[in-house]
Amino acid sequence: MTLKGEISHSLLDLKQLKHLDLSCNDFEGIQVPKFIGSFQNLRYLNLSYSNFGGNIAPQLGNLSELHVLSLGSFHGPFYETTSMANMKCLSTLGMLHHLDMSGMDLSKATDWLQVINTLPSLVQLHLSGCELSNLHVQINGSFPNSIGQLSSLEILDAIFNKLDVNLPDSIGQLSSLEELSISYNRLDGSLPDSLGQLSKLTSLDFSYNLLTGVVTEDHFIKLVSLKDLKGSANKLILRLQVASWIPPFQLGTLSLRNWVLGPQFSLWLQSQKDLEELDISNTDISSPMPELFVRSFSKLWYLNMSNNHIRGPLLFSGDIPECWEKWSWLVVLNLKNNSLFGEIPRTLGSLHLRYLNMHGNKISGRLPSSLMNLTDLDVFKLGRNELTGSIPT
């Protein structure tokens with residue numbers, strides 16, 4: 001059942017209330033009642049996905065026992081229509097360890113970062129889609145080093161904002177951090193080497209920013225727990241100091257689109273045996289695809305190596321003449337706009353592909369009849385090649 005309408009003052013009779021969850025209702029755009037700030041024993045307050053509107057009253061600052069405050073919607077689309085022009089009231093919530101304001105309008109909250117730095121017990125911080133911008137970070141165009149004081153922080157989520165600042169070296173002091181999501185901003189400058197000190201980090205996503213500069217082994221030196229690395233759509237150059245470098249992590253997801261990785265296939269990629277998703281499109285790779293590269297990823301379901309200059313045949317010689325069958329879980333294969341030649345391997349027809357794109361290569365010969373087995377295929381692109389013969393029917 002979905003609750004609607006006004007919230008009765010009779011709730012105030014519950015003087016010992018510690019847990020209040022009004023999430024997933026439809027209060028038709030009314031303001032969050034000011035009297036909620038009267039529940040001084042409250043430790044948990046969840047108002048997300050409930051169609052409240054207007055400004056959040058500063059009376060929330062009276063809830064000094066609060067551990068969890070959820071005003072936003074980090075779990076899904078940002079449906080919130082609430083706003084907060086001044087976050088100073090939150091600075092009194094010294095016991096707060098979970099704060100979710102995702103989707104709220106914080107575009108006028110000029111004090112947001114200063115207030116966050118007064119909450120030393122924070123474990124999870126969700127600020128996605130809040131219209132935050134650098135106008136509110138007035139420390140020489142960079143996050144202040146004081147952000148490193150949030151030593152208990154495990155999750156920092158600030159995607160879909162307008163932050164165009166530099167990341168400070170002190171980010172490496174967030175020793176408890178497990179998830180860092182700062183994609184879809186305007187972050188500029190280079191990645192601080194101190195990121196490599198975050199030994200508990202499992203997920204790192206800084207994709208779709210304006211980051212530039214060189215990335216080396218130092219950026220990953222202690223990331224022994226890392227499982228997901230997403231840095232696509234930046235202008236970064238991977239320049240290893242040791243060609244035989246083996247990372248301390250085993251990734252499940254790696255996305256480095258638009259980086260400079262080439263011209264060779266990096267040897268360290270072949271050490272990532274647990275990869276399920278790999279995007280190294282538009283990364284200036286021009287060497288042939290190593291046979292060992294195909295053997296390495298038995299769990300791969302998504303592969304995008306498009307818009308490179310990868311040379312060589314689609315069929316490999318040696319012990320496994322058609323080694324594409326090693327990728328038995330592959331669903332998405334994108335090799336468009338490369339320099340691959342030869343015939344299409346018959347073993348592609350043994351996969352469970354839903355997306356196959358080899359547009360813009362030098363593939364020749366006939367289409368193998370085994371492609372008829374790709375009954376789940378939604379997208380099939382082979383234009384601008386040198387194919388001959390008829391289409392199998």
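Colleague: Over which residues does pLDDT stay under 50?

Modeller: Good place to begin, as this is a predicted model. Residues 135–141 stay under 50 in pLDDT, and the model gives them 15 contacts beyond four places in sequence. Residues 317–321 are also below 50, with seven contacts beyond near neighbours in sequence.

Colleague: And what is the average pLDDT of the chain?

Modeller: The average is 90, and 93% of the residues score at least 70.

Colleague: How many helices and strands does the chain have?

Modeller: Two helices and 23 strands. The C-alpha trace spans about 80 × 50 × 30 Å along its principal axes. Among the contacts with a separation of 6 or more, 62% are between residues 24 or more positions apart.

Colleague: What share of the residues is buried, and what is the accessible surface?

Modeller: Buried residues are 51% of the 393 in the chain. The accessible surface comes to about 17,600 Å², and carbon and sulfur atoms hold 50% of that.

Colleague: How many charged side chains are there, positive and negative?

Modeller: There are 28 positive and 36 negative side chains, with the centres of the two sets 3 Å apart.

Colleague: Let's take single residues. Why is N334 called buried?

Modeller: Buried means a relative accessible area under 20%. N334 has 8%, so the label is buried. This residue is found in strand 18, which covers residues 332–334. Setting aside neighbours within four places in sequence, N334 is in contact with L303, N304, M305, S306, Y355 and N357.

Colleague: What makes V214 partly exposed?

Modeller: The class lies between the buried limit of 20% and the exposed limit of 50%. V214 has 33% relative accessibility, so it counts as partly exposed. V214 is found in strand 11, residues 212–215. Not counting residues up to four places away in sequence, V214 touches H219, I237 and R239.

Colleague: How do you know which strands pair, say strand 17 with strand 19?

Modeller: Pairing needs at least two bridges between two strands. Three bridges join strand 17 to strand 19 (residues 339–342), so by that rule they pair, and they run parallel.

Colleague: How many bridges hold strand 19 to strand 21, and strand 21 to strand 23?

Modeller: Strand 19 and strand 21 pair in the parallel sense over two bridges. G342 has I363 in strand 21 as its bridge partner. Two bridges also join strand 21 (residues 362–365) to strand 23, again in parallel. There, G365 stands opposite L387 in strand 23.

Colleague: Where are they, and why are they called partly exposed?

Modeller: N51 is found in the loop between strand 2 (44–46) and strand 3 (53–55). Its relative accessible area is 32%, so N51 is partly exposed. D284 is in the loop between strand 15 and helix 2 (291–295). At 39% relative accessibility, D284 counts as partly exposed too.

Colleague: And which peptide bond is cis?

Modeller: The bond from G262 to P263 is cis, with omega near 15°. P263 is found in the loop between strand 14 (253–255) and strand 15 (277–279).

Note on methods. Residues numbered from 1 in each chain as written. Heavy atoms only, no water. Helix = DSSP H or I, 4+ residues; strand = E, 2+ residues; numbered from the N terminus. Buried < 20%, exposed > 50% of the residue type's maximum accessible area, 1.4 Å probe, protein only. Contact = heavy atoms within 4.5 Å. Areas by Shrake-Rupley, 256 points an atom, 1.4 Å probe, with all protein chains shown as cover. Lys, Arg positive; Asp, Glu negative; His and termini not counted. Charge placed at Lys NZ, Arg CZ, Asp CG, Glu CD. pLDDT = per-residue confidence, 0-100.
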